[in-house]
Amino acid sequence: MRVQPVFRITQDGYKASARIIILLAISSLALSDGQARQQFADLTRPVHVRWLFRTGFITNLTPAADKDRAYLPLGDGSLVSVRLSDGGLVWRSDIGGFLSASPAVDDGNVYVASESIPTPKSVYPQATGVLRALSRNTGLTSWMRTLPSPVKGVIKLNRHNLFVTSSDGRLYALKKATGEIGWVKYNSSPFSTLHLLDDKTLYASDTYGDILAIELESGRTLWRYRTHKSLNAPVAVFESMIYAGTAEGYIYAIDRVTGRLRWRVRTGAAIQAVLVGEQWVLATSLDNFVYCLAPQNGVKTWKRQLAGRVTAPPLVLNNYVMLAPLVGDECVVLNLEDGRKVNSIFVGEDNNTEAAPLLTAEALLLTTREGLLALTNEPQETGTP
């Protein structure tokens, strides 16, 4: 079945046709998966634009969202807060420099990382990393922490702490209330990804191909597994296992308690994303294929070639997965059981970014080159221009 929805957008008195390519990923949500999925229920149905917050300076950094607002990082060094209900601007905070990591939000603050510009010809070492907590309601700075090097990747939160990695190979644990550093972990190569599973363990990977289990309270390494292959995609965790994909095309299954290898399978090219469920391990690869493996032994249950590379992780909802190849004008929805194509949503060309979408109770939020879009399964009300 092919679905070709026509999008009409009304904001500040303008009308436009939205042309989008959806680059979809599993994202950290301000609400639980169950709450959000009740609102955006079906990947096999058309999506409709609820609103568009039009802006320039779009980056590939993923926005943050809570139950009321979205927080969009921009390339001019600012962060904007947007209402989820109608896409209206709440506040804008000019951070300065360059935003270097995707923001995160809790009940009180939005946490933002930036990179400052060194003073030319200075003979002294200069700190270029800045981490800030901004008030969620006003955008004013609650605290600021200077770091030797800029924070990269994503900012992870639990109840009391922030966890960030910097470009010089350090992993920091900081107190959310004050920005005070709890501990610092040094690594021989920069960390590439973080996965915060619970209040006890943090899983990290680095550019040398090591996967580490780290105790949250102290920063102590519990175990380290060496793949000897570059790891750029975040690890996926399900029950007692960790799944990781390397730049050489290998997928690893590792016991998350002992750090021992269970199985290893090779695909055709570098792995861009790994997702896992009870009966499947899904991986996208730069050979333009998506692979589905059995979690128990890595046996390939199906694979499907796409029109082009999928550089961002896909979005899994219920028993379906949506992928967005960089080539072409459609997003593809596949059945997870057999890889069968069940829907195509034609969305236009040349509007894609690498920012992951956010699934909220209001809508699916998507960063495009035109701005931030809110998408829903429900069409606009009758009479809406």
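The model is predicted.

The largest nonpolar core has 16 residues. Leu43, Met322, Val333, Leu364, Leu373 and Leu375 have the most contacts inside this core. Several strands contribute to the core. Strands S4 (48-54), S31 (315-317), S33 (330-335), S36 (364-368) and S37 (371-376) each supply at least two of its residues.

Strand S13, residues 129-135, is mostly covered. Seven of its seven residues are buried. Burial extends to both faces of S13. On one side lie Gly129, Leu131, Ala133 and Ser135. On the other lie Val130, Arg132 and Leu134. Strand S12 (residues 109-115) runs antiparallel to S13, and seven bridges join the two. In this pairing, Ala113 stands opposite Leu131 of S13. Strand S14 (residues 141-147) also pairs with S13 in the antiparallel sense, over six bridges. Here Ala133 stands opposite Trp143 of S14. S13 and S14 form a hairpin with five residues between them. Gly139, in the turn, has a positive phi of about 80 degrees.

Asp210 is found in strand S21, residues 210-215. With a relative accessible area of 6%, Asp210 falls under the 20% cut-off and is therefore buried. Its side chain makes a polar contact of 2.9 Å with the side chain of Arg224. A polar contact of 2.9 Å also joins the side chains of Asp210 and Arg226. Beyond its neighbours within four places in sequence, Asp210 is in contact with Ala204, Ser205, Arg224, Tyr225, Arg226 and Leu231.

The next sheet is open and has four strands, in the order S23-S24-S25-S26. Its pairing is antiparallel. Strand S23 (236-238) and strand S26 (261-266) stand at the edges. Each has a single partner strand, so one side of each is left without a neighbour in the sheet. The twist averages 15 degrees from one strand to the next. S23 pairs with strand S24 (residues 241-245) over three bridges, in the antiparallel sense. Ala236 has Tyr243 of S24 as its bridge partner.

Strand S29 (residues 289-293) pairs with S30 in the antiparallel sense over five bridges. Within this pairing, Gln305 of S30 is the bridge partner of Phe289.

Ser285 belongs to strand S28, residues 281-285. Its relative accessible area is 1%, under the 20% cut-off, so Ser285 is buried. The Ser285 side chain reaches the backbone oxygen of Ala269 at 3.2 Å. A polar contact of 3.0 Å links the side chain of Ser285 to that of Asp287. Not counting residues up to four places away in sequence, Ser285 touches Thr267, Gly268, Ala269, Ala270, Ile271 and Tyr291.

Conventions. Residues numbered from 1 in each chain as written. Predicted model: local features only at pLDDT ≥ 70, side-chain atom pairs only at ≥ 80, totals over all residues. Heavy atoms only, no water. Core = buried A, V, L, I, M, F, W, Y, C linked by side-chain atoms within 4.5 Å. Buried < 20%, exposed > 50% of the residue type's maximum accessible area, 1.4 Å probe, protein only. Pairing = 2+ DSSP bridges. Axes fitted to C-alpha atoms, helices over the stretch in contact; angles between N-to-C directions. Polar contact = N/O pair within 3.5 Å; in protein donor to acceptor, adjacent residues only side chain to side chain. Contact = heavy atoms within 4.5 Å.
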